[in-house]
Amino acid sequence: LGRFGWKAGNPDVMQQSAGALNQDMGITNMVFPEESSYGQIQYDGRADEPEISDSLLYSIAFYMRTLAVPAARHRDRPEVTEGRTIFKNLGCVSCHRQKLHTGTDVAFPPVSNQDIYPYTDLLLHDMGPGLADHRPEFRADGSEWRTSPLWGIGLTRIVNGHTNFLHDGRARSLEEAILWHGGEAASAVQKFTQLNSRDRQKLLSFLNSL
């Protein structure tokens, strides 16, 4: 099991980047040298692989690894600090862990041994039949998903121009995304539904501050 992708199918940023090039854009590379259509009727059969140089692939992976994370905002506002407490009390932190510590990377020391605050455990969890896509990936079954990081989630509308969440964009808001949680998160969702409107808004204020 890896740490990247909706189902933790990729072990590092290099493979995640190479897989996106190959599967999403049809660009072969040193990691995935075969066309994604190999063995199918639309396969072109041309000997023109890889279609991207190793140096460009390394540059893309380097860019992804060093891309800055948006800074949290309004952290000292009362509604945000109270929302953070509600987030913890609901049990969300059991999967959306606030802090992780990076390992040692001798190839790129600046990212080594850093405290980061992604709000994820980078692990797979059974999210119940409601979110199941019935498409296993490696050891992840159809209802298992890697915990999505929450850092930067409050800037989704500004950056992407929408507020569609979850793997297929079915949730039109953070509140809908929470309500779609099931399986291991069912108890947290139940507690969320019991919050009054004021506490719900505090929780959403905290999430939007990330």
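Start by selecting M30: this residue is partly exposed, with a relative accessible area of 34%. (Buried means under 20% relative accessible area, exposed means over 50%, and partly exposed lies in between, using a 1.4 Å probe and protein chains only.) What you have open is a predicted model, where local features need pLDDT of at least 70 and side-chain atom pairs count only at pLDDT 80 or more, while totals for chains, interfaces and linings use all residues. Residues are numbered from 1 along each chain as its sequence is written, and side-chain values use heavy atoms, with hydrogens and water left out.

**Stop one: around M30**

Together with M30 they form a nonpolar patch on the surface, with about 260 Å² of accessible area together. (Patches are made of residues with over 30% relative accessible area and no salt bridge; like charges are joined within 9 Å, and nonpolar side chains, namely Val, Leu, Ile, Met, Phe, Trp and Tyr, within 5 Å. Accessible areas come from the Shrake-Rupley method with a 1.4 Å probe, and for residues only the protein chains shown count as cover.)

**Stop two: R65 and D105**

Next, show these two side chains. R65 and D105 meet in a salt bridge, at 2.3 Å from N to O. The pair links distant parts of the chain, 40 residues apart: R65 is in helix α2, and D105 is in the loop between β1 (100–101) and β2 (115–116). (A salt bridge is a side-chain nitrogen of Lys or Arg within 4 Å of a carboxyl oxygen of Asp or Glu.) By this rule the count comes to 7 salt bridges. R65 is partly exposed at 34%, and D105 is partly exposed at 21%.

**Stop three: E82 and K202**

Select E82 and K202, whose side chains form a salt bridge at 2.5 Å, N to O. E82 lies in helix α3 (residues 78–89) and K202 in helix α7 (residues 197–209), so the pair ties together parts that are 120 residues apart in sequence. Is K202 buried or exposed? At 18% relative accessibility, K202 counts as buried, while E82 is partly exposed at 35%.

**Last stop: D168 and R170**

Finally, select D168 and R170, which meet in a salt bridge at 2.8 Å, N to O. D168 is partly exposed at 44%, and R170 is partly exposed at 24%.

Technical notes: Helix = DSSP H or I, 4+ residues; strand = E, 2+ residues; numbered from the N terminus.
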